[in-house]
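Good morning, and thank you for making time for this presentation.

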Amino acid sequence: MIERELKLYRFKDFQSVKSHYANSGILFASAIELQGQFLEKLKCDSEKYAIDITNWVENLNVHREFIHNMQGLLNSLPESVIFICEDKVKEIAMDVFRHVFVSSSLLEIETKQECAMQAEEETPNKHKKTINELSNDELTAFLEFINKNLVGHKKFKEGLADKLKSFKLFHKLGEQKVFSIFLMGESGIGKTEVGRLMHKALNSKKSLCKISFGNYSSKDSLNSLIGSPRGYIGSDTGELPMQIEKSDIGLILIDKFEKADNPVFNFFLNLLEEGGFTDSQSNEYDLDGYIIIFTSNLTPENYRKRLSPELRSRFDYVCQFQLLSDEEKKKYMYKKIDVTIKKFEEKLDVTISKTDKTILYNIDYSKLNNLRKINRAIKERFAQISCNYMV
């Protein structure tokens with residue numbers, strides 16, 4: 001029998017342990033994955049693996065009838081496989097697998113790089129600039145930027161000023177932690193643009209924290225959002241924590257929210273109530289002062305059917321976006337063409353002729369019912385005239 005040693009780690013060191021093995025060229029997996037094709041691959045693969053058996057140990061302590069089979073499985077694996085588990089279950093592990101492990105030892109991970117990673121994990125949500133930090137003059141400038149650059153949706157823009165001023169007041173009183181906006185309406189009429197404009201108005205230098213549930217499948221969507229449980233192969237950190245870390249402002253855009261499932265709805269119900277959340281790695285994220293924008297293609301009727309009364313009551317500002325008028329589409333199109341002409345001329349060091357400008361502006365916007373189609377038509381026109389300026 002191979003004399004194996006069980007490696008132990010502290011809960012707080014989990015990510016550092018994973019990083020340690022990754023830097024050593026050792027692949028990481030969970031005992032839950034020891035089945036089927038992966039198990040056969042493990043037995044004949046030349047790669048080295050570290051297998052976390054924490055979940056197994058906890059389960060076998062209850063279902064002891066499976067201990068013999070699990071002992072045989074672990075003993076059948078190559079000597080190169082390293083077995084690890086959390087130190088809190090050491091005594092149980094050495095009992096249920098007493099015919100597998102002859103000893104145990106605590107992993108000490110102390111490299112500078114790993115210590116830095118651990119410090120980062122202990123403060124996962126560093127300070128972000130929020131709307132509450134704006135002075136009255138800065139808030140006025142913020143709202144003016146939105147009014148000027150968001151084409152149409154007069155009702156939304158008029159209500160936004162009052163809602164934000166109210167939020168700042170009640171946040172100061174400790175009565176409200178986050179400001180949530182729910183926008184509904186047909187696709188491509190400017191709902192997502194609100195998030196992009198606010199991101200720009202807050203002078204962010206980094207990427208927008210955006211989650212689109214149009215990219216999610218219903219299966220395991222909550223794991224995709226906040227991370228899978230410790231020990232699973234795949235993304236241990238969810239998309240939401242990663243996107244928050246990449247951003248430098250307190251703004252989150254949740255796109256196509258109606259495509260989420262009930263566990264995700266319940267997650268956001270609690271998030272909006274508490275003003276923060278805990279991810280799968282037990283990192284706490286305080287979203288104090290954040291603006292969270294939810295967009296959806298739902299109609300008002302389906303909005304009431306799809307979302308529970310409890311969740312609907314958590315939204316601070318709900319607004320339905322209407323289709324743009326021809327005049328609004330024209331204004332948007334001209335503004336977009338003006339910006340693109342400026343970029344085109346600066347990047348290529350050319351001047352677009354009056355004839356080509358006539359071609360660019362001569363788009364029948366009345367037949368285009370949303371902004372995406374207008375943007376596509378503009379790109380097609382620029383592609384049409386670009387051959388005149390390429391060397």
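**Loops, pocket and salt bridges**

Lysine 256 lies in the loop between β8 (251-255) and α12 (262-274). Please keep in mind throughout that this is a predicted model. The phi of lysine 256 is near 55 degrees, a positive value in a residue other than glycine. Most residues other than glycine have a negative phi. At 25% relative accessibility, lysine 256 counts as partly exposed.

A second residue belongs with this one. Asparagine 203, in the loop between α9 and β7 (209-212), has a positive phi of about 60 degrees although it is not a glycine. Its relative accessibility is 48%, so asparagine 203 counts as partly exposed.

I turn now to the salt bridges, of which the structure holds twelve. Side chains of opposite charge can pair when their charged atoms come close. One of these bridges joins lysine 210 and aspartate 255, with the closest N and O atoms 3.8 Å apart. This pair links distant parts of the chain, since lysine 210 is in strand β7 and aspartate 255 in strand β8, 45 residues apart. Are the two partners buried or exposed? Lysine 210 is partly exposed, at a relative accessible area of 26%, whereas aspartate 255 is buried, at 5%.

Another bridge lies within a helix. The side chains of lysine 329 and aspartate 326 meet at 3.4 Å, N to O. Because they are three residues apart in helix α15, lysine 329 and aspartate 326 are separated by about one helical turn. Lysine 329 is buried, with a relative accessible area of 7%, while aspartate 326 is partly exposed, with 40%. Elsewhere, salt bridges that share partners join Arg64, Asp95 and Arg98 into one network. Aspartate 95 counts as partly exposed, at 31% relative accessibility.

Which residues are closest to the centre of the largest pocket? The largest pocket contains about 810 Å³ of space. Of its 27 lining residues, the closest to the centre are Glu193, Arg196, Tyr332, Lys336 and Asn375. At least two lining residues come from each of α7 (136-149), α9 (191-201), β11 (291-296), α15 (326-348) and α17 (371-386). By class, the lining of the largest pocket has eleven charged, ten polar and six nonpolar residues.

There is also one cavity of 30 Å³ or more, and the space in the largest cavity is about 40 Å³. Among the residues lining the largest cavity are Asn149, His153, Ile189, Glu193, Tyr332 and Leu371. The lining of this cavity divides into five nonpolar residues, three polar and one charged.

Leucine 173 has its place in the loop between α8 (154-172) and β6 (179-184). With a relative accessible area of 53%, leucine 173 is exposed.

I close with two distances, taken C-alpha to C-alpha. Glutamate 5, in strand β1 (residues 4-9), is 77 residues from isoleucine 82 in sequence and 8.1 Å from that residue in space. Glutamate 310, in helix α14 (residues 309-312), is 254 residues from tryptophan 56 in sequence and 38 Å from that residue in space. Both glutamates are partly exposed: glutamate 5 has a relative accessible area of 32%, and glutamate 310 has 44% relative accessibility.

How values were computed:
Residues numbered from 1 in each chain as written. Predicted model: local features only at pLDDT ≥ 70, side-chain atom pairs only at ≥ 80, totals over all residues. Heavy atoms only, no water. 1 Å grid on protein atoms, 1.4 Å probe; cavity = no way out; pocket = protein on both sides within 12 Å on 5 of 7 lines; lining within 4 Å. Points joined across faces, edges and corners; volume = space filled by probe spheres on them. Helix = DSSP H or I, 4+ residues; strand = E, 2+ residues; numbered from the N terminus. Nonpolar A, V, L, I, M, F, W, Y, C, P; charged D, E, K, R; others polar. Buried < 20%, exposed > 50% of the residue type's maximum accessible area, 1.4 Å probe, protein only. Salt bridge = Lys/Arg side-chain N within 4 Å of Asp/Glu carboxyl O.
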